[in-house]
Amino acid sequence: MLRLRDVRKSRGSGSQRFSLWVPRLDLYPGQRLAVVGASGSGKSTLLDLLALVLSPDPGGELSLRSAQGEQDIAALWRAGRQDRLAELRSRELGYVLQTGGLLGFLDVRGNIGLSRELLGLGDDGSVRRLAEQLEIVDQLDKRPSALSVGQRQRVGIARALAHSPKLVLADEPTASLDPLNAARVMQLLVEQSQARGACLLLTTHDLQLARSVGLSLLGLQVRRDADGGVTATLEGAG
Amino acid sequence: MRAGLMARLAWHDYRADWRLSACAVLALVAVLAPLLVLFGLKSGLVGSLTDRLEQDPGVREIVPLGGGRYSAARIDELRRLPEVAFALPRTRQIAATADLYPNRPGPVVSVEMLPTGPGDPLLGALPQPQRLDEVLLSRSAAEKLGAGVGDELLAAFGRLDGGVAEYQRTRLRVVGVLPLAAFQRDALFGRLELLEAVEDYRDGRAVAAFDWPGMQGSGAAQRIYPGFRLYARDLDAVETLRQRFAAEGQEVATQAEAIAQVRSLSRNLGVVFWIIAGLGLAGAFAAMTASALAAVARKHRELSVLRLIGFPTAALLAFVSLQALYTGLISLLLGGLAYLAAETLLNQLFMQQAGEYACRLEWHQYLLAAAATLGFSLLAAAAGGWRAAGIEASEGLRDV
């Protein structure tokens with residue numbers, strides 16, 4: 001579905017340079033992947049590349065196969081077709097942010113339904129169903145500010161799944177939760193993604209938790225280069 | 001569909017952030033309401049003055065000064081000028097007086113006689129005298145005589161014939177009484193033929209129509225009139241006619257100066273208004289721009305979340321612009337209400353005559369103000385919208 005070959009992203013220069021290198025990565029529906037690595041190892045950069053919000057360096061291949069055919073993402077970036085990228089994001093992607101990333105001015109129902117509304121999809125009961133499955137059905141009419149951090153994170157997961165995207169990305173989805181909540185939220189995320197046949201890729205520093213919910217692990221290997229810069233390489237990709 | 005979604009999202013955020021929204025609205029109302037009142041005062045005041053000038057036919061009168069010599073044909077020529085609404089020759093002042101006897105005990109009233117005819121602006125909708133013995137009275141004359149419409153009055157015209165005072169009497173029928181505003185002195189308005197008959201009699205000639213004795217044979221064909229009653233078609237024509245008469249060497253008295261004063265007052269008030277409006281709007285524009293930029297900075301995270309979810313650039317631009325539009329609309333509503341309250345108060349304070357307003361805005365003026373406000377709001381939001389459009393989805397996603 002998403003195919004990466006020799007994709008690089010560099011920031012800074014000289015000894016301040018940080019580069020992410022993805023020699024090879026293929027994402028398929030139903031996959032469950034966890035990228036583990038210390039903070040600063042390029043997890044977020046990788047996620048942003050996959051989420052089509054960060055442009056890759058020239059060269060390499062980054063393409064997305066969807067119902068509309070093969071899309072050369074790198075070419076779209078080069079052509080500056082931001083709105084085309086936004087459209088692909090809205091249809092193909094669900095993104096769970098570290099802190100929920102909810103809109104404070106909408107209630108929970110509005111937040112979950114937002115991605116569906118943007119696509120012009122009617123309410124087919126999936127918002128409520130998701131809320132039930134994620135155990136937040138009592139919170140539907142509340143504002144995010146009235147929820148606990150764990151509940152907000154569940155709302156974030158519901159929003160990422162509501163429009164049934166092919167690819168669900170999650171950036172440290174359990175980092176701000178207590179261990180008990182973290183385990184439950186992680187479990188719900190994996191279950192619901194799987195139930196929808198989506199590919200789930202998340203980043204975490206909790207190796208144990210990732211293993212316990214059956215995620216395949218990808219590692220980021222950080223190494224200092226001759227020029228003093230740092231290169232992180234994605235390893236173990238299938 | 002998506003426009004509706006954006007309108008709803010922008011409105012939800014606008015409401016959730018109501019303190020900020022209220023600030024923006026109040027700042028705009030604080031400029032808008034006084035400007036509307038000022039605008040209303042300008043158009044009300046100038047409108048009332050102009051109406052007053054336009055409704056008072058006296059303002060359009062052009063009075064020849066000094067004795068002139070005009071033939072009937074010359075005055076007919078004047079009447080045909082496009083700038084002239086009404087023109088009629090006058091007979092000699094000394095010959096144009098009459099003594100009227102009241103039908104009740106009381107003193108004789110001496111009145112001046114004025115010729116009238118179709119289109120006389122002083123008469124307005126009052127009936128024209130159709131016959132030689134039909135006249136209209138000025139209000140003051142009618143009151144002194146205790147006479148009203150339909151009454152018959154005895155009138156006397158005198159002359160000196162070889163040092164002997166003679167006079168003739170005739171009965172005149174009152175067909176109308178002029179309002180006080182139209183003419184203040186004691187006067188009767190009759191057909192030109194009546195005035196010519198009286199002039200002939202004074203000059204010692206016989207008048208067949210009234211069976212008055214005197215010299216036979218008249219010079220009516222070559223009658224020379226010393227002056228005329230003339231009214232310009234509109235206010236602008238007054239100055240045109242004044243210049244025309246001045247060029248012909250005929251001195252005239254006009255209200256051209258009063259008209260010019262109102263015109264220049266209107267113009268100067270206009271300048272004052274636009275200076276104040278310019279200053280006020282510049283301030284409001286700066287405030288609105290700043291608040292739009294501040295709003296985008298405050299909502300940076302929300303906007304980048306929208307971007308991440310896949311909202312296009314236009315949607316983010318719309319988000320900011322719509323909120324500016326909401327501010328504009330609410331401000332217009334509140335400003336309009338404040339204006340209406342002020343208008344009512346001012347009109348109660350200053351109203352002098354029915355139908356006159358110290359402060360008034362026509363609908364099209366209010367619509368103009370509304371369009372300008374919304375336009376300015378959108379323009380002020382443009383800077384914020386531009387910045388919002390440039391927000392990257394990856395920005396601000398991880399600031400906890």
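Visitor: Is B:Asp203 buried, partly exposed or exposed?

Guide: This is a predicted model, and the answer holds for the model as it stands. Buried requires a relative accessible area under 20% and exposed requires one over 50%, with partly exposed in between. At a relative accessibility of 29%, B:Asp203 therefore counts as partly exposed.

Visitor: Which residues are joined into one network by salt bridges that share partners?

Guide: The pair of B:Asp203 and B:Arg205 belongs to this network, and so do B:Asp200 and B:Arg223, whose side chains meet at 3.1 Å, N to O. Through shared partners, the network consists of B:Arg92, B:Glu196, B:Glu199, B:Asp200, B:Asp203, B:Arg205 and B:Arg223.

Visitor: How many residues apart in sequence are the parts that the salt bridge of B:Arg223 and B:Asp200 ties together?

Guide: The side chains of B:Arg223 and B:Asp200 meet in a salt bridge, and both residues are buried. B:Asp200 sits in helix α5 of chain B, whereas B:Arg223 sits in the loop between α5 (192-202) and β9 (227-232), so the pair ties together parts whose separation in sequence is 23 residues.

Visitor: Which strands of chain B hold B:Glu152 and B:Arg171?

Guide: These two residues form a salt bridge, with their closest N and O atoms 3.2 Å apart. The pair ties together parts that are 19 residues apart in sequence, because B:Glu152 lies in one strand, residues 152-161, and B:Arg171 in another, residues 164-177. Both ends count as partly exposed, B:Glu152 at 36% and B:Arg171 at 42% relative accessibility. The strands of chain B are β6 for B:Glu152 and β7 for B:Arg171.

Visitor: Which residues form the salt bridge across the interface of chain A and chain B?

Guide: Side chains of opposite charge can pair when their charged atoms come close. Across this interface the rule finds one salt bridge, and its closest N and O atoms are 2.4 Å apart. The two residues are A:Glu117 and B:Arg8.

Visitor: Which three residues supply more of the area that chain A buries against chain B than any other three?

Guide: The contact takes 27 residues from chain A and 27 residues from chain B, and the area buried between them is about 2400 Å², with 61% of it from carbon and sulfur atoms. Of the area that chain A buries against chain B, 28% comes from A:Phe105, A:Glu117 and A:Leu118.

Visitor: Which element gives the most to the side of chain A that touches chain B?

Guide: Five residue pairs are in polar contact between the two chains, both residues being at pLDDT 80 or more. On chain A, the elements that give two or more residues to this side are α1 (43-50), α3 (82-92) and α4 (108-118). The element that gives the most, with six residues, is α3(A).

Visitor: What is the radius of gyration of chain A?

Guide: Chain A has eight helices and ten strands. The globule rule gives 18 Å for 238 residues, and chain A comes close to that, so chain A is as compact as a globular protein of that length; its radius of gyration is 18 Å.

Key
Residues are numbered from 1 along each chain as its sequence is written. Chains are lettered from A and ligands numbered from 1 in the order in which they are written. This is a predicted model: local features need pLDDT of at least 70, side-chain atom pairs count only at pLDDT 80 or more; totals for chains, interfaces and linings use all residues. Side-chain values use heavy atoms; hydrogens and water are left out. Contact means heavy atoms within 4.5 Å. Buried area is the accessible area (1.4 Å probe) that two parts lose on being put together, summed over both. A salt bridge is a side-chain nitrogen of Lys or Arg within 4 Å of a carboxyl oxygen of Asp or Glu. A polar contact is a pair of N or O atoms within 3.5 Å; within protein, one must be able to donate a hydrogen and the other to accept it, and residues adjacent in sequence count only if both atoms are side-chain atoms. Helices (H or I, at least four residues) and strands (E, at least two) are DSSP runs, numbered from the N terminus. The radius of gyration is taken over C-alpha atoms; the globule rule is 2.2 Å times the number of residues to the power 0.38. Buried means under 20% relative accessible area, exposed over 50%, partly exposed in between (1.4 Å probe, protein chains only).
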